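Subject: Handover of a structure and its findings

Dear colleague,

Please find the structure below, together with the sequence.

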Amino acid sequence: MARLPGLRPIDEERRRSGGGQNRGRVRTPSADNIRVQGLSPTASPVDTYARPEQAPIGSNSWEALAKSLAGIQPSINNFLNVQAAEQQDDDVTAVRQAFLQKSPEDVRKAIKEGSVPGLTSLAGRELAGERLAYDRSLQIMASYQTDFDRQTGDVDAFVQERIQDDLAEFGNDKALMGAYTKQMTAFTEKLRNQSVDDKATFQQDVRQGNLFEKWSAKATYDRAEGKAPADVAGGMFGEFTKNQELLRVPFQKQQEMMLQLADQAATSGDYDLAKAILQHKREDGPYKGSLMTDVKVGDTATKLFARIDADQIRERLTAQAQEDEESLYSQGVAAAESGSILAIGDAQVRDKQGEMRTITADAQKKEVANRLIAKAADEAAYREKDPEKRPALARRLEKEKFVGSGLEHPVWFKAMNGAPGQMNLNAATGEIPPSAKDAFDTYQDLYKDSPQYLAKYLNKDALEFFESARLAEEVGNAGTPEAALRIAHMVTQDPNQMDEALKLKYDSIDSAVKSAVSNSTSWGQWVFGKQTAGNQNYVRSEIVRLAKQYALLGKDNDEAIEQAQQTFEKTHINVAGSYVKNDKRLPGDFEPLVNQYLSEFVEKHKGDLNYDIDDLTITQGNGTGAYMVVRKSDRMPADPASDDTFFSLNILNDLRTRNRDQKIKEVTAKQNAR
């Protein structure tokens, strides 16, 4: 073995055999026999190298003794090595346990500050470098997935850029950076290999993407040009072999792309092309037959085909339902423009499931009303080029369409019917809501053309309120529209809520008007046919109520009664000798239909009741929408035991339908007889 300066090898065999033993007396070291090394102005060659500082390791007296004897006895040196290894294991364990519960940021801080026991040893520093490299590699891999250019990116530059912070902070720690560099070198090599695979995959994806886009664009163009779906599909399938040889796109991948094209065509509504792709039978390549028989994509293709069938059925049913509704509403618009919209009844149309459903007459009228508003706006835009003048023209056209048809305008009457409530809410402040002012303008505009149209759709409170406001302006004691509305609110409120002065005036007018009505010469003119009004008590009470309001507006008693009579005639219709409130639900042919119903009632009960048509009239139900046949003489039911004593608007609608069918039958018979 090679000799080291200042050391002599120990011959173990010779020592065990006893040879070479110093049989003399061992001299104890003393000042007389210890040779002191002389001082030298220059250091020996060995002394020019400094031993690196070793982190303090816990020791005991036995270890100190072993160290002093290590150069003499190899077994003692072995003991030291074992002790050092055990100490390293303890350090590594301490570092690992400390790092286990820390985040990457906390680990980095602990390494920098040395706050974890064991980090001062060589093994601890190496483990710290490995952990630092591990955390950094995870961050780099995450960035690689999102930020790295897999087509042209440089992996080495990518990694170097992201470890700069580690090198700057821990570059002087040789033990830590040694372990760190080893780990990062291995990681970089793996990332290089991954990058090579990714670039190959990227290129393959680009080729496949370009091919799919080409197929998709060509199919769209060919279909727009009227090419048959089967020819479009056949052309794409015919390119499989060429694409595999030139573009290295496998047959199976092309199968999957064709399935995707079929799905795309189905989603866009080109069901014929989608089915042509799914059903096309290939004769080349490793896969014969259609996509639906393919081992790998067959199940998905079959499900797509079934979905297309379901979508086609659903779309056909939806189109039929829309066609039925469009036809119904178009007929409704035509009926409105011809003035017969109020006579329509409930209708049956197909729904999106192919089942029959009922669209009520009210629902039809609402839709027709919305379409009339839209039609008026379209006509105004076409006829008037000045945008500022179009709203006025559109409103005039709306008034023509709605007043002419008798159909309720959904916006106007909602605003007018809500105006009295708006006035009540603002009564304390005396302010006139802008909505109430606009509604009053609408009322006055419509009143000039058709007071009856207003009376048909305004509720009782709104009609009395706006009529009072109109009269307040007419008699000249209002001054402004706002003042007219305030007066109208005052005279139409509940008498119990009036102030004392107004209530006294109201009570005096009440008695005066009642007396005047009873003695009025015009009252005798309220006759219908052979008799006076069958419901004359109702008529009298309504006229008295209205006349009192007009008297409060400043009219004398005779004028108030005359105005009340005119208002009453606007809001009621004479049906079989009784006045009936002209409710918005009443069709335009309500009176002739009621007369026909009464005639048939008399004919049906001719043998048992023997009524004459002039003996009967009708009365309204209590808000149920039903009517009852009664005797004019005592207002009692004509036949309480008979079901046909009561009738509704639906029964009148059936009567109208029967009349129409009978008319069609008669016309058809006449034409056939020619």
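Two strands are said to pair if DSSP finds at least two bridges between them. Strands (E, at least two residues) and helices (H or I, at least four) are DSSP runs, numbered from the N terminus. The model is predicted, so local features need pLDDT of at least 70 and side-chain atom pairs count only at pLDDT 80 or more, while totals for chains, interfaces and linings use all residues. Residues are numbered from 1 along each chain as its sequence is written, and side-chain values use heavy atoms, with hydrogens and water left out.

The hairpin. Strand S1 (residues 347-350) and strand S2 (residues 356-359) pair in the antiparallel sense over four bridges. Five residues lie between the strands of this hairpin, and Gly354 takes a positive phi near 85 degrees. Gln348 stands opposite Thr358 in S2. Gln348 also belongs, with Arg350, to the uncovered face of S1, whereas Ala347 and Val349 form the covered one.

Helices H11 and H12. Two packed helices are described by the angle between their axes and the distance between the axes. Axes are lines fitted to C-alpha atoms, for helices over the stretch in contact, and angles run from 0 to 180 degrees between N-to-C directions. The axes of H11 (residues 251-267) and H12 (residues 271-279) come within 7 Å and cross at roughly 160 degrees. H11 and H12 are therefore roughly antiparallel to each other (an angle over 145 degrees). Contact here means heavy atoms within 4.5 Å. Met258, Leu259, Leu261, Ala262, Ala265 and Ala266 in H11 meet Tyr271, Leu273, Ala274, Ile277 and Leu278 in H12. By class, this contact has eleven nonpolar residues, no polar and no charged ones (Ala, Val, Leu, Ile, Met, Phe, Trp, Tyr, Cys and Pro count as nonpolar, Asp, Glu, Lys and Arg as charged, and the others, Gly among them, as polar).

Helices H17 and H20. The axes of H17 (residues 434-449) and H20 (residues 481-492) come within 11 Å and cross at roughly 95 degrees. H17 and H20 are therefore roughly perpendicular to each other (65 to 115 degrees). Ala436, Lys437 and Phe440 of H17 make the contact with Pro481, Glu482, Ala484 and Leu485 of H20. Its residues divide into five nonpolar, no polar and two charged.

Arg248. This residue lies in the loop between helix H10 (240-246) and H11. Most residues other than glycine have a negative phi. Phi of Arg248, however, is positive, near 60 degrees. Arg248 is exposed, with a relative accessible area of 53% (exposed means over 50%, with a 1.4 Å probe and protein chains only).

Yours sincerely

Key: Parallel < 35°, antiparallel > 145°, perpendicular 65-115°, else oblique. Buried < 20%, exposed > 50% of the residue type's maximum accessible area, 1.4 Å probe, protein only.
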